[in-house]
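Colleague: Could you take me closely through one part of this model, the nonpolar core and the helix packing that goes with it?

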Amino acid sequence: MIILEHINYWVVVILMMTGFYVVISHNNLVKKLIGINIFQTSIFILFISFGKVDGGTAPILSEGYQNFSAPLPHVLILTAIVVGIATTALGLALVIRINRAFNTVEDDEIKKAMSQ
Amino acid sequence: MTSHLAVLQVVTPLLAAPVVVILHNKTLGWLIATLVSLSCFIIACVLCLQIYDGNNIVYTLGGWAAPAGIEYHVDRLTAFLLIIISGLATFILIGARESIDNEISADRLYLFYTAFLLNLTGLLGVIVTGDAFNVFVFIEIASLSSYALISIGRDKRSLYAAYQYLIFGTIGASFILIAIGLMYAVTGTLNIHDLHERLAHVQDSRTLITALAFFIIGIGLKAAIWPLHIWLPDAYTYSPSIVSTFLAGTSTKVFIYVLIRFVFSIFGIEFSINELSVQYILMSVALIAIVYGSLQAIKQDSLKRLLAYSSIAQIGYMILAISLVTVAGVAAGLIHVFNHAIIKVTLFLCVANIIYFTGTDSINKLAGLGKQMPVTCGLFVIAGLSIIGVPLTAGFTSKWFLIKATIDSGYWLVIPVIVISSLMAIVYIWKVVEQIYFKEADHAHVVTNKAMPYSMYVSLFVFTAACIYFGLQTDINVGLAQLIADDLIGARP
């Protein structure tokens, strides 16, 4: 089954589009941030999938194990996760201040308040 | 010591940022930020002299050789951009104190300088690094700090502008990350030079086409290329004036650098231009951006928003020049990156002075300002002429080389668009000039600060002088830009 062979990538595509849809369609600023998070998570899975070698072990150098998964994507994703956390934290901090300033976290109400 | 210059460029502002937080003092913060920017500027100039003959500097971080380790790579393109960014940072900060004190509440001032230094770190890092994943990390450092910078002012609308920029920026950066990941999946390396060599052997790969598509969309969001520019006007309008000045001069320029670096140095002309014809997409988008940006600028009442839309049009010029994919075209694009940075910063600094004096940037309320602020208004006119492209100013050099490059490539139909857009630039600059010089002041200005401190003119004079100098004496920027274009495109006609 070709679909099952690439199950990781199908999951990535579905998660990515779900996240993206949430960002675009939702009116609530917090929900948009959740959408961004789902979107980023899908990228993490994408990278980790690149690193997997069929039948490979964990990337530890040891006698008798020649075939191991690529370690680099994991390292990259650790960095990307940190970046993602920073973005989410900053986004939530902004939402808190927006809520204090405008008394709402709904996109359309803020736009209305800004155009006045 | 001199062998470590490439990395010092990034490490100095990065280390200075926490020092500013610990010192918790606005004057010291300003002093440190200015000195650090100045040292970066000097380092950039030294680096430029060292590599001017074409001996590129390769610095391996921690002594780990590429492709396993990360390397910093300084060639002429890098040095050119480093000088622009660090130079702008230095000369903007020198005269920025009063305006910053005025527009940002006192308890946040030291945080402003911290975020500024982090932003500088990110921008310089994107340029100097020779590792594709590192580019992403530095892009995020620069972006996160710029969201903070935008929202640091008193205007509550800036919060929403920063949030919008955060959403768009994160999606853009994530798209770039996907592109880098796909390239890694094809080649197994992240080093920019290694990527270029290995990608040359990978042809007809659908993964690579996807990577390029993701990259173009991502960088389009970050560099505010026409349909993806929506975040830019709000972000520039509601942020403190000095922040708008700095972002307008630097951040979009850096992302145009990333575009050039990835399309020419990583994907390679063979793949992205000959096979996929990316240049036609970029060119059509650029033409729309030029017309749309100028049209919108005419309609605006807020001076900052007017300049923001003008920036979108000017980014269009840069993309248009690059999309010609000739030596002359790329050189014209780089010349415009340089000149536009100076001109837009001059204009925004004038607005910073106007806001300091009157407390508003609404054009309708500025009637008769020419008499009250003769120096600022005079300099605004000079910079305005420069952005229109009047001879003897920097803007003219850009337009001259751009039009020459388009004619050489045979795109005659593009020239009317450039001319029409220049005419529209006359309209939007005239709109301001008419208000400040030819309308009687019908109501008193909302004056917040009567006396203008002299320090606020320092940066303004430096940049106006640069506007005129680079209009008369083009050896430095044009010469370097042509060398870079030669490096990038090589023998291609």
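Modeller: The model is a predicted one, and its largest nonpolar core holds 225 residues, of which B:Phe112, B:Met183, B:Phe215, B:Ile256, B:Phe262, B:Phe264 and B:Phe267 touch the most other members. The largest share of this core, 21 residues, is supplied by helix α14 of chain B, residues 327-358. Taking B:Phe262 as an example, and setting aside its neighbours within four places in sequence, one finds it in contact with B:Ala132, B:Val135, B:Ile180, B:Met183, B:Phe215, B:Phe267 and B:Gly268.

Helix α14(B) also packs against helix α3 of chain B, residues 76-94, at an angle of about 5° and with the axes 11 Å apart. Because angles under 35 degrees count as roughly parallel, α3(B) is roughly parallel to α14(B). On the α3(B) side the contact is made by B:Leu77, B:Phe80, B:Ile84, B:Leu88 and B:Ile92, which meet B:Leu334, B:Val337, B:Phe338, B:Ala341 and B:Val345 of α14(B); by class, this contact has 10 nonpolar residues, with no polar and no charged ones.

A further pair joins the two chains, for helix α3 of chain A, residues 29-51, packs with helix α7 of chain B, residues 157-187, at an angle of about 10°, their axes lying 10 Å apart. The helices α3(A) and α7(B) are therefore roughly parallel to each other, and the residues of their contact divide into 19 nonpolar, four polar and one charged.

Technical notes
Residues numbered from 1 in each chain as written. Chains lettered and ligands numbered in written order. Predicted model: local features only at pLDDT ≥ 70, side-chain atom pairs only at ≥ 80, totals over all residues. Heavy atoms only, no water. Core = buried A, V, L, I, M, F, W, Y, C linked by side-chain atoms within 4.5 Å. Buried < 20%, exposed > 50% of the residue type's maximum accessible area, 1.4 Å probe, protein only. Helix = DSSP H or I, 4+ residues; strand = E, 2+ residues; numbered from the N terminus. Contact = heavy atoms within 4.5 Å. Axes fitted to C-alpha atoms, helices over the stretch in contact; angles between N-to-C directions. Parallel < 35°, antiparallel > 145°, perpendicular 65-115°, else oblique. Nonpolar A, V, L, I, M, F, W, Y, C, P; charged D, E, K, R; others polar.
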